[in-house]
Every structure is written in structure tokens, then in C-alpha cells.
Amino acid sequence: MNKYFTPLAVVAAAMFAYAPVAIIGAPYESTMLLVQKIFYFHFSTWMALTAAIVVCGAASAVYLFRGNPRADHYAVAGAELAVIFGAFGLVSGSIWGRKAWGVWWQWEPRLTMALLLELVFIGYLLVRRYGGPGSEKLAAAMGIFGAATAPFVYKSVDWWRTIHPQTTVMKTLGARSPGMWGVVWFCTVAFLLLFVLLLALRVRLEEQRVELDRLYLEAEG
Amino acid sequence: MTFARVAALVFRKDVAIELKSGEILYTTLFFAVSCVLIFAVAFVKEGQPLPGAGAGILWIAVLFAGNLALGRTFERERYSETLRALLLVPAPRSAIYVGKLVGILVLLFVTEIIVAPMVVLLFRVPLFARPLLLGTLLVLGSVGFAAVGTLFAAMLVRARTRDVMLPILLYPITIPVIIAGVLGTGSLLQSPADEPIALMWIALLVCFDVVFVTLALWMFEPLMTE
Amino acid sequence: MVQRVAGVLLALVAATSPIVAFQQPTAPEGFVQVNEVPASERLPAAPFLISAYAFFLVLMIGYIWSVARRLDKVQREMSDLQRSQRGSPS
């Protein structure tokens, strides 16, 4: 393992240990009060999800057009992490929505699109598993399409005024409530660090697995 | 062999086969019609069709039928082993993609022409109040769906679990197209048809179509090479 | 080792589930009009908050454990293979 892995893992663990303290200390939001504090992790997980989708999409494109096998490792790692962080984003949003809006789910654009992104990357993993030989390329195509749809998810909430908070919330957050902004920034950094560490771990697993397959093939031949 | 010529030849080949045997055309149409009939039976409450169900059912019937047709079109290529022959043509491979895409689109349009009047009849929705806008929505939605569908069907042609994987992969990616189509159609079905909303959905569909077709054209070549 | 981790995870999930199942607003008797919902009738926020964060913890621990288990398996298979190759040079 890379020599930076362990110290960074310690840093990440420390950040996550401190996060609840920071979140409790953050100022309350006027209408949603306590339950709004889900926001810090909810927003951060979407940041990590975006990073995962970008990694998966870019790596898939590199793999498809250049045939670089290392890119494929990053693509599958990115897809798995996209599913994980996306799952948390959907569940945390649903829990928050139950308290704030009174319903577990709403068929409004952002939620629908977020769910579809999750389905796309679950489809990616399914193709890799059950697609048979050559499924890496098929999955790469899925990854590219998924990454291409993601910007529509982000902007969708600006185009339709619905109950989901708009993207302008984040842009004005720093000016309007500096106490919240610091905590958001802290949690986002913690999540991105966690994402990088998990990515490294998963890529290593993939490299080992491919190496093992190669050794098996050599042993047979 | 120019791009357009190859695409046209592929399309003409498919049309010729269909005109002769009619296998995919008739079975797809029949499937779409049965879909609508099943929905008509299922979505009825005290003898009245559910209000607002018409838009969704139109699109579902077309897309389910399209899914079947996609699988069968490429299955036919695989069965006759003509796919390899096609790939040996000294022309850009994306021309083959375009030829296949146009073939699927024509099939989808024929299905829509048959299914839309049925939906009007069975679900009593004023689908033809704004025929031009409806036509635009259907065309753009079909293009988006077929663009991704043709690509995925082509790349899955050699996979073992092809029939199951195609819908699993296709539907999540095309959900934005489906949403835009259904909501756009729904806005046209209101008492004074909500044209600005429909135009907004049409604009969104144009964006999606441009992105999807571009990506598909770009990706067809590397996906088809071993 | 794997069973111990599984046991810990199970305990964590079992501990958080009563919190999730907790929120049930009480039904009023008869029809009395209220203009403002009293604080006792509103859904308590704390269980939602805690369950959200608890889910995150479970998810992360679960994923890391899954990756570690797969890595373990692959490395074990690799050493087995290398050992068998060294044993019978063919």
C-alpha cells in the first residue's frame, strides 16, 4: 500500500470523530431546526458521489478508447463507491424529507434523477458480474452514459421550482450563515478524503484480482 | 462507400427483410396493442378509465415494444452471422449504427401511429388536441430511446444474458427521456393544453437527444471491436 | 475474525432499529379542530437525525469490511497458487 494511506486514514478517522461535535455546535436552521443537521452529511455525500461519478466516467472513457486496463480498475471502483455514497444520499434525504416534508419520497425531478443515477451504476455492477466475457466494455459504456446524465441531475432542481432546496442555498450559505459554512466545508473535506481512501483500497483489490486471474491463466498454460 | 450510403444500405436491407417476412413488425405491433389492452383492463375504476393514465400508457406501450424490437433486430443479425460481415465493411462503423437506428425509429413511429388512436379510444384522452406538439414529443422521445437502445442492443448481442440485461441497462439511462415524454404529453392533455410546459420538455428532449446520439456515435466503434 | 465482525455489525443494526421504529404520532380521539399542532404531536426530530447518521456508519463499516474480506480471499488464493507452483515446477 501507498505510504500515505495509513496517516491519511488516521486523519480521516479523526475528522469523522470530530464531525458530530462540529455538527452539534453548528447554528440551527430557522424552519427545520434539528433535523436540518442531516444536511452536513447529506450534502457531503453528494459531493463524494459526484467525485465517484467523475472518476467512473473518465476512467470508463479512457478504458473504452485507449484500452488501458488500469483505467478499468478505477472505473469499477468509482462505480461501486457511487452506489455506496448514492445509497446514503438517497436514504439520508428520504429520512430528512419524512420529517421536513412529511413524506418518505416525492416524485420530483432531483430525487427521481438521483435515483436513476443510482440505478445506472447498479446496472454497471450487474453488467460486470453477469454480462459474460467482454462485459468490461459494456460496463464502460454504462459508466459514460451515467456520467453524462449527472449534470442534468444537478441542474434539474433549478429548472423546476419544487420542494427540494435549490442550488442557490449553497452559493449564499457562506455569506448568510458563516457558522454553517465552516461545518459544511469540514464535512465535505472529510467525505472526499474518505472517498479517496476507499477508492485506493478498492483499486488495490481489483489489481490483485486481475493479477490472480493472470496467474491462474499462466498456471494452466 | 460514403457514410450516408452505408447507412442507407443497412436501412434498406432491414426494410426489405421486414417487407418480405414482417416478423418483427407484426409481432412488435401486436405486443404494443396487447400492452394497451392489458392496461385498459387493469387501470379501470368502476367502468371508467383512470384519469391522466393515457399519457403514461402510450409511452410505456411504445417503449416496451421498442425494447422487444431492439433485441430481435440484433438477434437476427447474430443468428445469420451477418454482424461480422457488416463489421468487415470498409466504412466507418458508425454508419452501420445510423442505418440500424433509422430502422428502429421507423418501427417505433409505426407503433406510435397504431397505439395513439387506441389510447385515445380506450382512455378517452384528447391526445390529438395539439397534434404537432404531440408528434414532436413522440419523435424526439423515440430518437432518444432508440439512440441508446440501438447501441446497447448492439453491444449486448454476444452476451449470454442479453434478453434480461437490455431492459436493466436501457431503462435507467432513458428515464429522463421517458419522464420528459410522459410529462410533456400529460401537459398537452390538460383542458387548455399547457403549451409552454410542453415546449420546455421538448427543449429538454432536444438536449438529451443531442447528447445521447453524439455519445452513441462516438462509442459504437470501440464497443464493436474485440 | 469474520464472524466477530459480523456479530458486531449485527449488534449495531439491532441497536439502531428500535430508534427507527420509534416515531408514531398518536391519533386524536373524536374530531376537535386545532389551529396549531402542539409540540407533542409533531414528529420528534432526534430519531430521524440519529438513524441517518447511524445508517452512514453501518454502510461505511459494511463496505470496508466487504472490501477487506475480498482482498483477504484474493491474497490467500494467490499465496496458495504460488505455493503449489513452487511445490510442483511444471
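Reader: Taking helices (H or I, at least four residues) and strands (E, at least two) as DSSP runs numbered from the N terminus, how many helices and strands does chain B have?

Author: Chain B has 8 helices and 2 strands, and from the N terminus on its elements follow the order α-α-β-β-α-α-α-α-α-α. The radius of gyration, which is taken over C-alpha atoms, is 18 Å for chain B, close to the 17 Å that the globule rule (2.2 Å times the number of residues to the power 0.38) gives for 226 residues, so chain B is as compact as a globular protein of that length. Please keep in mind that this is a predicted model, in which local features need pLDDT of at least 70 and side-chain atom pairs count only at pLDDT 80 or more, while totals for chains, interfaces and linings use all residues. As for the labels, residues are numbered from 1 along each chain as its sequence is written, and chains are lettered from A and ligands numbered from 1 in the order in which they are written.

Reader: And what does the C-alpha trace of chain B span along its principal axes?

Author: The trace of chain B covers about 55 × 35 × 30 Å along those axes. Of its 226 residues, 42% are buried, where buried means that 20 or more other C-beta atoms lie within 10 Å of the residue's own, exposed means 12 or fewer, partly exposed is in between, and the C-beta atoms are placed from the backbone.

Reader: I keep looking at E77(B); where is its place, and is it buried or exposed?

Author: E77(B) belongs to helix α3 of chain B, residues 53-80, and it is buried because 20 other C-beta atoms lie within 10 Å. If its neighbours within four places in sequence are left aside, E77(B) is in contact (C-beta atoms, placed from the backbone, within 7 Å) with T82(B), L83(B) and V157(B). A154(B), which is 77 residues from E77(B) in sequence, lies 9.6 Å from it in space, C-alpha to C-alpha.

Reader: Staying with α3(B), at what angle does it cross α2(B)?

Author: Helix α2 of chain B (residues 23-42) and α3(B) cross at roughly 150°, and their axes come within 9 Å; here axes are lines fitted to C-alpha atoms, for helices over the stretch in contact, and angles run from 0 to 180 degrees between N-to-C directions. The two helices α2(B) and α3(B) are therefore roughly antiparallel to each other, given that angles under 35 degrees count as roughly parallel, over 145 as roughly antiparallel, 65 to 115 as roughly perpendicular and the rest as oblique. Among the residues that meet are F31(B) and F39(B) from α2(B), and I60(B) and L68(B) from α3(B). By class, this contact of α2(B) with α3(B) has 14 nonpolar, 2 polar and 1 charged residues, counting Ala, Val, Leu, Ile, Met, Phe, Trp, Tyr, Cys and Pro as nonpolar, Asp, Glu, Lys and Arg as charged, and the others, Gly among them, as polar.

Reader: And how do α3(B) and α7(B) pack?

Author: The axes of α3(B) and α7(B) are 10 Å apart, at an angle of about 150°, and these helices are therefore also roughly antiparallel. Residues of α3(B) including W59(B) and N67(B) meet residues of α7(B) including P167(B) and I178(B). By class, the contact of α3(B) with α7(B) has 10 nonpolar, 6 polar and 2 charged residues.

Reader: Changing topic, which elements of chain B give two or more residues to the side that touches chain A?

Author: First the totals: 21 residues of chain B are in contact with 24 residues of chain A. The elements of chain B that give two or more residues to that side are α6 (131-155), α7 (162-188) and α8 (195-224), and α7(B) provides the largest share, 8 residues. By class, that side of chain B has 18 nonpolar, 1 polar and 2 charged residues.

Reader: What is the secondary structure of chain A, then?

Author: Chain A comes to 7 helices and 0 strands, and 43% of its 221 residues are buried.

Reader: And how many residues of chain A are in contact with chain C?

Author: On the chain A side 24 residues are in contact with 21 residues of chain C, and α3 (69-100) and α7 (178-220) of chain A each supply at least two residues of that side. By class, the side of chain A that touches chain C has 17 nonpolar, 2 polar and 5 charged residues.

Reader: At what angle do α3(A) and α2 of chain C pack?

Author: They pack at about 170°, with the axes of α3(A) and α2(C), residues 45-87, 9 Å apart, which means that α3(A) is roughly antiparallel to α2(C).

How values were computed
Contact = placed C-beta atoms within 7 Å.
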